[in-house]
Amino acid sequence: MRLIVRLVLQLVAITLLCLTLTAGWVMVDAHRAIETEAATSAERVAHELENLYWRAILWRGSMRRDNILPRPEWESLATLKLISPGVCVSYAPGEEAPRTLCSQLEGVGAAAPAWFSTAYESIFGAPATIVRPLTVRQPETGAISVRADPDAAIRQAWRQISIIVSVAASMAICLCALAAAAIVHALAPTRAIVDGLRQLEQGNYDSRLNAVRKGEFGLIARAVNDLAERLAQTTAERAALTKRLFEVQEEERRALARDLHDEFGQCLTATLAFAGSIETAAAATDPGVAGDARAIARVAKRMMKTLRDALARLRSQDLEELGLETCLVQLAANWNAKAERKAVVHLRLLGDLADLPQAISTSLYRIAQECLTNAMRHGDSKNVYLRIERAPSKGGLVALTVEDDGGGDASRLATSSGHGILGIRERIAAFGGSLSISDAARGVRVVARLPLIPAGPAPLKGIVLA
């Protein structure tokens with residue numbers, strides 16, 4: 001719409017410029033016409049007075065010495081007919097005072113506005129006076145002075161400009177209206193193309209621009225449709241690859257947890273047993289060695305506790321054995337049982353979570369783990385509320401909500417480039433879900449929604465800041 005408005009405004013500006021140039025050209029042409037009419041009037045009147053002069057010589061017997069310069073009666077209706085409207089003629093026979101004869105001013109046109117009169121006078125000034133001798137052979141007969149009346153010149157210029165500019169303005173208005181309608185009609189497909197690109201931006205790769213089929217916009221629409229199809233294919237491949245990567249990640253975690261449990265766990269248990277034996281044997285003979293054995297035992301116990309926490313984070317086989325609900329209860333209980341815990345975890349489960357797909361259950365558990373870890377480590381929370389709900393909507397949807405009361409900045413968390421939030425985004429993107437991070441009443445709320453039966457792979461629709 002902005003493009004259409006901009007083009008129409010440019011068209012109007014060009015039209016106004018053309019009208020202004022037309023008005024200037026008409027003013028110059030009118031000024032030249034006035035000068036031409038004054039010169040023509042001077043020629044006609046001079047020719048007529050010359051004829052009258054010779055008639056006076058022949059008819060009146062003016063060859064006498066005392067009447068060598070006859071005085072023709074030139075101020076007549078016949079002479080007035082030779083003068084163009086708005087032109088004044090002055091003639092002084094011999095040494096007499098000049099007499100002036102002007103044509104009627106009313107026939108020139110209506111009076112011009114004051115602004116036009118001022119503009120005309122400032123541009124062209126007063127009309128020039130044309131002087132022509134009555135006869136070249138006898139200069140003593142006097143000369144004729146012809147000058148256009150300033151008011152008449154302005155009226156004549158205004159009349160011509162009014163006629164021509166009014167016609168030009170009418171044509172320009174019609175052309176502008178028709179051109180604007182043509183522009184609006186020609187650019188109408190741009191709205192559909194922009195809407196289609198918006199759909200692509202939001203991750204809806206199933207939309208197509210089928211209504212735009214003609215001209216260059218049809219080529220653009222086909223290119224957009226091809227792009228949407230390619231993006232849908234690429235997104236599907238990316239989602240499948242992401243799912244496979246998470247499956248491999250879970251397999252590696254299980255293998256790592258098994259190795260840690262089998263190797264490091266047994267080694268730490270043996271180390272703890274050896275430290276106990278050394279302490280018992282050296283208790284009576286060497287108290288220093290017994291103290292070192294107790295220190296080794298304390299370090300081994302601390303390492304075993306750290307190993308158990310790491311195994312709890314790595315192991316996911318419990319999800320297959322116990323189910324998502326039991327594992328979430330254990331996760332909340334483990335956080336609440338820690339001596340150094342900062343907040344109390346409140347768990348609420350709604351809907352049937354027993355028959356969720358294994359990949360969905362694993363992703364929900366990992367997302368809950370990451371959200372609780374972030375709330376405990378980076379916030380000053382007293383309470384953390386974890387809620388998982390399976391909606392009975394068509395197709396199925398499961399939503400995970402984590403909300404704390406530790407303050408925090410939702411926009412900062414949404415734009416964070418840490419591995420935790422990135423992993424959450426990738427997990428949700430693999431299932432075509434959505435992630436929302438917003439400010440809660442006293443903290444931050446994170447909501448992850450995963451479709452159970454997606455219509456097709458779709459990308460993560462982005463972070464929504466409330």
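In what order do the four strands of the open sheet lie, and is the pairing parallel or antiparallel?

Analyst: The model is a predicted one. In the open sheet the four strands follow the order β2-β1-β4-β3, and their pairing is antiparallel. At the edges stand β2 (99-102) and β3 (129-133), each of which pairs on one side only. Averaged over the sheet and with direction ignored, neighbouring strands are turned by 20° against each other. In general, the strands of a sheet pair through backbone hydrogen bonds, either parallel or antiparallel.

Strand β4 (residues 143-148) runs antiparallel to β3, and five bridges join the two. Within this pairing, Val131 has Ser145 of β4 as its bridge partner.

A further antiparallel pair is formed by strand β8 (residues 434-439) and strand β9 (residues 444-451), which are joined by six bridges. β8 and β9 make up a hairpin, with four residues between them. In this pair, Val447 of β9 is the residue that stands opposite Ser436.

Turning to the helices, helix α9 (residues 324-337) and helix α10 (residues 358-378) have axes that come within 10 Å and cross at roughly 15°. Angles under 35 degrees count as roughly parallel, and α9 is therefore roughly parallel to α10. The crossing of these two helices, α9 and α10, is right-handed. On the α9 side, the contact involves Leu324, Cys327, Leu328, Leu331 and Trp335. These meet residues of α10, namely Ser361, Leu364, Tyr365, Ala368, Gln369, Leu372, Thr373 and Met376.

Charged pairs are found elsewhere: the structure holds three salt bridges. One of them links Asp355 with Arg390, whose closest N and O atoms are 2.4 Å apart. Asp355 belongs to the loop between β5 (344-350) and α10, whereas Arg390 belongs to strand β6 (residues 383-391), so this pair ties together parts that are 35 residues apart in sequence.

Terms used. Residues numbered from 1 in each chain as written. Predicted model: local features only at pLDDT ≥ 70, side-chain atom pairs only at ≥ 80, totals over all residues. Heavy atoms only, no water. Pairing = 2+ DSSP bridges. Axes fitted to C-alpha atoms, helices over the stretch in contact; angles between N-to-C directions. Parallel < 35°, antiparallel > 145°, perpendicular 65-115°, else oblique. Left-handed = near helix turned anticlockwise from the far one by under 90°. Contact = heavy atoms within 4.5 Å. Salt bridge = Lys/Arg side-chain N within 4 Å of Asp/Glu carboxyl O.
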